[in-house]
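Subject: Structure handover

Hello,

Here is the structure we discussed, with notes on what was found in it. Please read the notes alongside the sequence and coordinates.

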Amino acid sequence: MKYDVTITIGLKEGMLNPEARAIQHALANLGFPTEDLSTARLYRITLDAADAAAAEKEAGQMCERLLANPVIHHYTIEVE
Amino acid sequence: MRFAVVRFGGSNCDRDTYHVLADVCGVDTDLVWYKDGLVKPYDAVVLPGGFSYGDYLRAGAIAARTPIMAELIRHAKSGGLVLGICNGAQIGSEAGLVPGTFTLNAYPKFISRHVHLRVENTTSPFTSLYREGEVIRVPIAHKEGRYVAPDEVLARLNREGRVAFRFCDEHGNTNPDSNPNGSAENITGVLSEAGNVLAMMPHPERASESVLGSEDGVKIFNSMIAYIEEHGRRRPTQ
């Protein structure tokens, strides 16, 4: 069965995010002060799996083996 | 004695590194295309700088998962030397050859300039020709070179003498002002647990001839050669 999987990968809590700080600064210059701002990378993947749990497990392995770096990243997986 | 310099799509310091090894240090060196694998027994393998796979995903992440890396990990596990320079350091950390990771600079821009490094370890196969605490001048050229590792990993690296180089000023002081990319504890050269893998962001191959303004980097390659001469050669890679 086909599943649409959304993987979101962000930096772990407390990790310096220079990109987010630069964007926050640019927004402030445009008159949009923000209390906090973070960035994340989102992957939309369509794959075949026996069931939703299998699709989630597959996506988890993708994160562990390539998409995320466990030193700095955390990730979430949503399966539809 | 034979060295390999592995070329990935997007490597761009491969010929510089080859030139220093073959022409300056006078050691037999092969340029190895990653798809060809490590077919000969090499004493040392160098992962050169560049932008393998366009730095897509994370710098070094995709090259780190190519089949030749499984051969390289076997080479390292059998005691063979591995030197990762810049993108090669990113590849090495992504492959788990050294702990921690090299990520986006604290000020998120590409930095290309000479920096000073303090030599922290003079017993490794890569640094034995330096004096302890020696300050050397070597260029950096990267956007993703900020070393990050959990506190317990940093403590262990310090305890085990596995920090090879720290960014410093010309007098050897390590502080935020002498840390160009925001690396944890100014670290920019990390040794593996067994000490036979070094991942470093600065480019020693660009500081190995007087015509380039500094010869401070050539001691890394000459230390490797001295280590291999002392400890025997032609380690099996398979």
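Predicted model: local features only at pLDDT ≥ 70, side-chain atom pairs only at ≥ 80, totals over all residues.

The predictor assigns the complex an ipTM of 0.86 and a pTM of 0.93. For chain B the mean pLDDT is 96, with 97% of its residues at 70 or more.

Chain B overall

The radius of gyration of chain B is 16 Å, which agrees with a compact globule, because a globule of 238 residues would have a value near 18 Å. Along the principal axes, the C-alpha atoms of chain B fill a box of roughly 45 × 40 × 35 Å. Of the 238 residues in chain B, 57% are buried. If one takes the contacts in chain B between residues at least 6 apart in sequence, 77% of them join residues at least 24 apart.

Strand β9 of chain B

Strand β9(B) covers residues 163-168, and six of its six residues are buried, so the strand is largely enclosed by the rest of the structure. It pairs with strand β6(B), residues 111-119, in the antiparallel sense over four bridges. One bridge partner pair is His116(B) with Cys168(B), the latter in β9(B). Strand β9(B) is also joined to β10(B), residues 187-191, by three bridges, and these two strands run antiparallel as well. There, Arg166(B) has Ile187(B) in β10(B) as its bridge partner.

Chain A

Chain A has an open sheet of three strands in the order β2-β1-β3, with antiparallel pairing. Its edge strands are β2(A), residues 40-48, and β3(A), residues 73-79, each of which pairs on one side only. On average, neighbouring strands of this sheet are turned by 20° against each other, direction ignored. Strand β1(A), residues 2-11, is joined to β3(A) by seven bridges, and Ile9(A) stands opposite Tyr75(A) of β3(A). Helix α2(A), residues 52-67, lies across β1, β2 and β3 of chain A and runs at about 35° to β1(A).

Where the chains meet

Eight residues of chain A are in contact with 14 residues of chain B. On the chain A side, helix α1(A), residues 18-29, gives the most, with three residues. By class, that side of chain A has six nonpolar residues, one polar and one charged.

Regards

Conventions: Residues numbered from 1 in each chain as written. Chains lettered and ligands numbered in written order. Contact = placed C-beta atoms within 7 Å. Nonpolar A, V, L, I, M, F, W, Y, C, P; charged D, E, K, R; others polar. Buried ≥ 20, exposed ≤ 12 C-beta atoms within 10 Å, placed from the backbone. Pairing = 2+ DSSP bridges. Rg over C-alpha atoms; globule rule 2.2 N^0.38 Å. pLDDT = per-residue confidence, 0-100. Axes fitted to C-alpha atoms, helices over the stretch in contact; angles between N-to-C directions.
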